[in-house]
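User: I would like to learn how to read this model. Can you take me through it, one feature at a time?

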Amino acid sequence: MKSRSIGNILRVAEIGLGCMGMSEFYGPTDDSQSLQTLERALELGVTHYDTSDMYGAGHNETLLGRFLAGKRDRVTIATKFGIVRKPGDYARRIDTSAAYVREACEASLRRLGVDVIDLYYAHRLNPETPVEETVGAMADLVKAGKVRALGLSEVSAATLRRAHAVHPIAAVQSEYSLWTRDMEEAVLPACRDLGISLVAYAPLGRGMLTGAVASREQFAENDFRRMSPRFAEGNLDRNLALVEAVKALAARKGCTPGQIALAWLLAQGPDILPIPGTKRIKYLEENVAAAEVALTDEELKALADALPPGAAAGDRYTAEGMRGVNV
Ligand SMILES: NC(=O)c1ccc[n+]([C@@H]2O[C@H](COP(=O)([O-])OP(=O)(O)OC[C@H]3O[C@@H](n4cnc5c(N)ncnc54)[C@H](OP(=O)(O)O)[C@@H]3O)[C@@H](O)[C@H]2O)c1
């Protein structure tokens, strides 16, 4: 796979792996299956692995720690702090105080079993804590050699500029896909102005853009999508209709709809790094092969026309979740 830079500090294969679903959010999990998927990812050339301290209340980082043993130097690990939840409960508070940053980093290093985190993100920002305090504490972690590069997730363009003035930010992680394009308006231009890479999370629309979603009934009781407005009755049907354009193009090109979604993201610029999430080898192999799918200018335009910004029905989070984005 070709490589891309993250803020001119890290260099990773252009398609990464989102590990969140190996712990929770998308139905039952199986550690031995997940570990096999992680091993296969490395064989396929995937070097960028995305996790967070809150995925499975530390479970996801511990799982990655098991995988990392003996191969630390071949893997770029990105993790996050700031969302504080009780295990198994989606309710949360956000702590981005300097004291919490230090404490959370030590806990992540311990669970991952590493001396240094390659890319450390504030997962969400607490608007009551000045971003200067949070990024100041993160910068101290860089100085102490515990973190290599800094990131912010779901930050607004204005806060990003304030943060970048305290310490260079290497990456912004935001939801970005054919059905979530809001960051194209202000966040992506700010990233480009400042030389910051955009790590695109949920690049498959939480599975929607792969064509594998047919109804809410297929989701487990505690699946995150059962609470998401985009998958709610009424909205889901309208959103399924949007995916038809992706499916039709995939059929014409002899690839899968998910590969079209990833190829579209890769074509948005060399500064975009998709991190599709899966716990299964079969999906992983399909997603990595999207790096071989080339879309023509005409095809890119047809997709953009079929799924213009704002086309998806329903917010991408509940009202509480939406308060945490663009902060
Ligand atoms: N910063 C943030 O706030 C934030 C928020 C969400 C996610 N993330 C990160 O971004 C990563 C990716 O996002 P995501 O996992 O939420 O969403 P995603 O990558 O858009 O979609 C994941 C879903 O799609 C399914 N899937 C994956 N590949 C498939 C394929 N080829 N065919 C059919 N279905 C497929 C997965 O199934 P299986 O689970 O069954 O494999 C899972 O249900 C996460 O793992 C996490 O690391 C960050």
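Analyst: Start with the nonpolar core: a set of buried Ala, Val, Leu, Ile, Met, Phe, Trp, Tyr and Cys residues joined through side-chain atoms within 4.5 Å. Buried means under 20% relative accessible area, exposed over 50%, and partly exposed in between (1.4 Å probe, protein chains only). This is a predicted model: local features need pLDDT of at least 70, side-chain atom pairs count only at pLDDT 80 or more, and totals for chains, interfaces and linings use all residues. Residues are numbered from 1 along each chain as its sequence is written, and side-chain values use heavy atoms, with hydrogens and water left out.

User: Which residues have the most contacts inside the largest nonpolar core?

Analyst: In soluble globular proteins, nonpolar side chains tend to be buried together. Here the largest nonpolar core has 87 residues. Leu17, Leu38, Tyr49, Leu152, Leu160, Tyr176 and Leu295 have the most contacts inside it. Take Leu38. Contact means heavy atoms within 4.5 Å. Not counting residues up to four places away in sequence, Leu38 touches Leu17, Cys19, Met22, Tyr49, Leu63, Leu64 and Phe67. A second, separate core has 22 residues, including Met20, Ala78, Ala149 and Tyr317.

User: Which protein atoms lie 2.9 Å from an oxygen atom of the ligand?

Analyst: The side chain of Arg124 has an N or O atom 2.9 Å from a ligand oxygen. Arg206 places a backbone N or O atom 2.9 Å from an oxygen of the ligand. A polar side-chain atom of Asn287 lies 3.0 Å from a ligand nitrogen. Taken alone, the ligand exposes 900 Å², and the protein buries 95% of that (Shrake-Rupley method, 1.4 Å probe).

User: What is the phi of Arg206, and is the residue buried or exposed?

Analyst: Most residues other than glycine have a negative phi. Phi of Arg206 is near 55°, a positive value. Arg206 sits in the loop between strand S11 (197-201) and helix H7 (235-253). Arg206 counts as buried because its relative accessible area is 9%.

Key. A polar contact is a pair of N or O atoms within 3.5 Å; within protein, one must be able to donate a hydrogen and the other to accept it, and residues adjacent in sequence count only if both atoms are side-chain atoms. Helices (H or I, at least four residues) and strands (E, at least two) are DSSP runs, numbered from the N terminus.
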